[in-house]
Amino acid sequence: MTASSVIISGLGTSIPDKVVTNDDLSKVIDTSDDWIRSRSGIGERRLAGENETASSLGAAAARAAIADAGISKDEVDLVIVGTMSPDMPFPSTACLVQAELGLGTVAAFDVVAACSGFLYILEVGAKLMKSGAYRNALIIGAEKMSSILDWQDRTTCVLFGDGAGAAVLSLSDQANTGVGEIILRADGSKMDLLNMPGGGARMPASAESVSARQHFLKMNGKEVFKNAVREMGDITLETIEKNGLVPDDIKCFIPHQANIRIIESLAKRLQVDMSRVYVNIDRYGNTSAASVPIAMWEARQKGYFGPGDNILLTAFGAGLTWGGAVVRWPE
Ligand code: COA
């Protein structure tokens, strides 16, 4: 086959059963449904069970995506996972997913780009496929954020949730379709705004690091918010332009679900009605690298877009990292 495009041929999700509402949280920490809802748009989130991890959620989402693509698992020849809450520091969560799915010895690795993870693995996956070396890649955003949250810190723990979303990337001979131009950016000089200080070589686990709660996510919410509004707006406009399009050419906008106010400010900046922007933060909170693929799966199921439509994906997260992508859904 003379492949001219890399398409998203299948999507799948895995969302834990356990629902935790804002009211549930207000019974264990000093918060309220009103505060969380008005500041973030979150109403509830899903939390993984004890035996669920990024790899088990990721493998379940991947199985669903393989079925959706209508291929056999033996046709998958590359696995890339985006996660900031891996099962363990090493080996990669992608290796664990590969083993759980029984994919033989196909290449598998993780990309750490926090909440921008799915945009990063989409770019890496699509470019590797375009090289001609792979035919079907699994790209998976999978998170057990609940394992890295400080449940005593009300400024962060109320904002996140667990889940996984996966896509199969396949080569296609349909011209002008599939994954278009992607823009990725990062600014490591702002790493202090959102990070997990403990557990790496700078601060290996010790009795002191554990008692100082250094193995949990730390965030300067106000600064992250300001950067997210500015950078997601800029990169979205830049990405649309780089694809030779204008906002009206985009059928559905699928932003990372971090805060409804960030999403609404993006829509305002683009002068796009919120009816064209997919939102599910009310039900899942911020599932980091899983947020864009879960939202894309739901948006497709609900008919927000269909064959031949352009969709716009954008995300922002720790690093700092951010990105934008246009994908034209195959006919
Ligand atoms: N419940 C009740 N009160 C809370 C609270 C909670 N869960 N968390 C914080 N507060 C309090 C703070 O202690 C502070 O009180 P103080 O003013 O008495 O010191 C006050 O609420 C802060 O409120 P406000 O300034 O209105 O917060 P905000 O408008 O900056 O919203 C965030 C806070 C975290 C929701 C917002 O900054 C945000 O969403 N940032 C981006 C986070 C994000 O998306 N991160 C991931 C990026 S991928």
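**Figure 1. Composition of the shell around the ligand.** The shell divides into nine nonpolar, seven polar and five charged residues (Ala, Val, Leu, Ile, Met, Phe, Trp, Tyr, Cys and Pro count as nonpolar, Asp, Glu, Lys and Arg as charged, and the others, Gly among them, as polar). The model is predicted: local features need pLDDT of at least 70 and side-chain atom pairs pLDDT 80 or more, whereas totals for chains, interfaces and linings use all residues. Residues are numbered from 1 along each chain as its sequence is written, and side-chain values use heavy atoms, with hydrogens and water left out. Among the 21 residues around the ligand, those that come nearest are Thr31, Arg39, Arg154, Lys222 and Asn259 (a residue is near if one of its heavy atoms lies within 4 Å).

Figure 2. A polar side-chain atom of Lys222 is 2.5 Å from a ligand oxygen atom, and an N or O atom in the side chain of Arg261 lies 3.2 Å from an oxygen atom of the ligand. Arg154 instead places a polar backbone atom 2.9 Å from a nitrogen atom of the ligand (polar contacts with the ligand are pairs of N or O atoms within 3.5 Å). The protein buries 73% of the 980 Å² that the ligand exposes when taken alone (Shrake-Rupley method, 1.4 Å probe).

Figure 3. Two or more shell residues come from each of helix H2 (33-40), helix H6 (154-157), helix H8 (221-242) and strand S12 (310-317) (DSSP runs, with at least four residues for helices and at least two for strands). H8 gives the most, with four residues. Because domain 1 (5-175) and domain 2 (179-328) both give residues to the shell, the ligand lies between them; the domain bounds come from an automatic or database assignment.

Figure 4. Most residues other than glycine have a negative phi, and most peptide bonds are trans. A cis peptide bond, with omega about 0°, joins Phe90 and Pro91; Pro91 is in the loop between strand S4 (78-82) and helix H4 (93-101). Gly319 and Leu320 are also joined by a cis peptide bond, with omega about -10°, and Leu320 is in the loop between S12 and strand S13 (321-328). Ala114, with a positive phi near 50°, is found in the loop between strand S5 (107-111) and helix H5 (117-130).

Conventions:
A polar contact is a pair of N or O atoms within 3.5 Å; within protein, one must be able to donate a hydrogen and the other to accept it, and residues adjacent in sequence count only if both atoms are side-chain atoms.
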